[in-house]
Amino acid sequence: MHVVVLGGGPGGTAAALEAARLGAKVTLIEKEFLGGTCLNWGCVPTKTVLRSARIAWDAHNAAEYGLMLPKAGVEAERLMERKESIVEELRSQIESQTARAKIDVVYGEGRLLDAATVRVTNADGETDYHADALVLATGSEVFRLPSIDHGLERVWTSHEATSVLAIPETVLIVGGGVIGLEFACAYASFGAMVHVVELTPNVLPGNDKRVQRAAQEALEKMGIVFHLGQAATSVTQRGEHMYTELPDGQVIETDYVLSAVGRKPLSEGFGFPEAGIEMDRAAVRTDEYFRTNVTGVYAIGDLIGGMMLAHVAEEEGVIAARNAVRLYEFAEAEGLLAKLMHLPALEKIDYSCVPACVYTFPEISVVGSSRDSAKERGLNVVQAVSKYAANGKALGEGEAEGFVQIVAEMGTGAIVGCQIVGPHAVETIHEIALAKRHKLTVRDVAEAVHAHPTVSEAIRLACADAAAKCGV
Ligand code: FAD
């Protein structure tokens with residue numbers, strides 16, 4: 001069986017590795033760099049820069065910890081060199097991994113000729129690859145607002161912000177979602193004056209209200225100025241200065257404007273609809289098993305929308321590869337290849353157990369539902385909160401302003417969701433993700449002994465409180 005994967009981001013790479021592990025011959029087509037957005041311009045570069053930002057921020061506040069340090073000076077070039085060497089190291093690890101798995105990695109731009117053939121164009125010309133199963137994983141691209149001229153030299157997206165050797169001294173960020181807030185936090189830590197313009201009344205749209213408030217308050221303490229319920233109606237450049245006009249008449253002058261208003265699936269010009277594949281605007285439409293409407297064609301990751309996160313793309317890649325290989329082999333053995341679409345599907349993902357994280361100071365993480373969204377779905381839930389203000393480790397770390405919030409089902413103690421704002425939140429959330437995935441209750445988590453002093457003790461306390469409220 002020959003599996004062709006189009007796009008070598010985290011989703012496509014995971015699909016290729018899993019298909020190869022299951023014994024398929026695999027061709028992975030990538031037009032630029034293995035690792036995709038995540039490794040080259042997304043997760044890894046931003047978290048690497050945020051690490052430098054954290055050191056600068058801690059140096060700025062060192063006196064509180066009894067340390068007299070000079071103010072951190074930023075050398076953008078060295079910071080970017082460090083980022084680049086980490087990216088290159090990880091890229092070469094993926095290259096070795098795919099080579100060890102005997103995956104044929106082909107560099108070039110792929111386009112569907114039909115639902116089973118991909119034509120790759122590169123410096124060598126054009127080559128066609130026939131697939132028994134095809135996994136589409138072309139990812140996403142930056143969403144560009146029509147009101148912002150992206151041709152202007154000082155208008156950035158996350159792509160430029162992670163590539164250009166410069167840290168702005170003043171910047172206006174359009175978009176108060178995850179990407180906007182992470183850049184805001186990094187630039188403010190380096191000493192920049194940061195404005196954030198957000199269309200909705202709250203930062204981190206779609207999140208729990210207590211989380212939104214805590215994030216805004218913490219970032220305001222860093223000096224970030226929020227313009228909520230506002231849009232950037234016009235952005236102009238005069239010399240080295242950018243002028244952003246807001247609907248309330250304010251005009252904000254900064255060195256740079258960073259547009260961070262989201263991403264959209266990257267699908268145009270790759271021949272998907274022409275091959276008969278159903279689309280939902282820019283996204284490829286799939287069922288919960290990642291099958292498109294066309295037999296043998298699967299799609300995953302940012303390309304299908306939903307939770308646009310690297311670990312989601314990876315998991316979808318693994319599951320799609322398993323479904324593709326197993327269904328194909330079963331159908332082939334039974335002589336049912338033509339009816340592949342109608343065979344029972346195999347695995348899917350429980351998205352309510354997938355954590356989502358924001359790497360600001362403090363960190364934020366969530367899994368499952370908030371109380372409000374659980375109630376909207378008709379669930380009878382309780383909520384318990386444990387504040388880091390009473391946690392010795394958090395106090396010692398100087399990060400005692402956040403909380404752990406647990407949502408559990410009345411009567412059963414089933415974990416419905418968890419929101420954490422506070423130290424190491426992006427790590428500690430996995431305790432709850434694991435418990436939820438394996439259907440443990442808040443009582444089960446509360447009964448597990450947690451080491452002292454740790455910030456995880458706050459999770460235990462919140463679960464113990466939730467268990468009492470649930471009556472379990
Ligand atoms: P991508 O990573 O976009 O990969 C798609 C690949 O397909 C690319 O390599 C592209 O070159 C290739 N391709 C496209 N078209 C073709 C074609 N026609 N032929 C051949 N190849 C093609 N997610 C997290 O989970 N955690 C984070 O902390 C995080 N931080 C982020 C920060 C930023 C600034 C950004 C922009 C994103 C961040 N994300 C984060 C999101 C994450 O990067 C994406 O969800 C993830 O990369 C999606 O993986 P993917 O494989 O679906 O697509």
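These legends describe close-up views of one predicted model. Residues are numbered from 1 along each chain as its sequence is written, and side-chain values use heavy atoms, without hydrogens or water. Because the model is predicted, local features need pLDDT of at least 70 and side-chain atom pairs count only at pLDDT 80 or more, while totals for chains, interfaces and linings use all residues.

View 1. Helices (H or I, at least four residues) and strands (E, at least two) are DSSP runs, numbered from the N terminus.

View 2. A polar side-chain atom of Lys-47 lies 2.6 Å from a ligand oxygen. The protein covers 95% of the 1,000 Å² of accessible area that the ligand has on its own (Shrake-Rupley method, 1.4 Å probe).

**View 3. The largest nonpolar core.** This core has 52 residues. Such a core is a set of buried Ala, Val, Leu, Ile, Met, Phe, Trp, Tyr and Cys residues joined through side-chain atoms within 4.5 Å. Buried means under 20% relative accessible area (1.4 Å probe, protein chains only). Val-3, Val-26, Leu-112, Leu-136, Phe-272 and Ile-277 have the most contacts inside the core. H8 gives the largest share, 7 residues.

**View 4. Ile-277 and its neighbours.** Ile-277 touches Leu-112, Leu-136 and Phe-272, among others (contact means heavy atoms within 4.5 Å; residues up to four places away in sequence are not counted). A second, separate core of 39 residues includes Val-49, Val-171, Val-196 and Leu-258.

**View 5. Gln-405 in strand S24.** Gln-405 sits in strand S24 (residues 403-409). Gln-405 counts as buried because its relative accessibility is 0%. Its side chain makes a polar contact of 2.5 Å with that of Arg-210 and one of 3.4 Å with that of Gln-383. A polar contact is a pair of N or O atoms within 3.5 Å; within protein, one must be able to donate a hydrogen and the other to accept it, and residues adjacent in sequence count only if both atoms are side-chain atoms.

Note on methods:
Buried means under 20% relative accessible area, exposed over 50%, partly exposed in between (1.4 Å probe, protein chains only).
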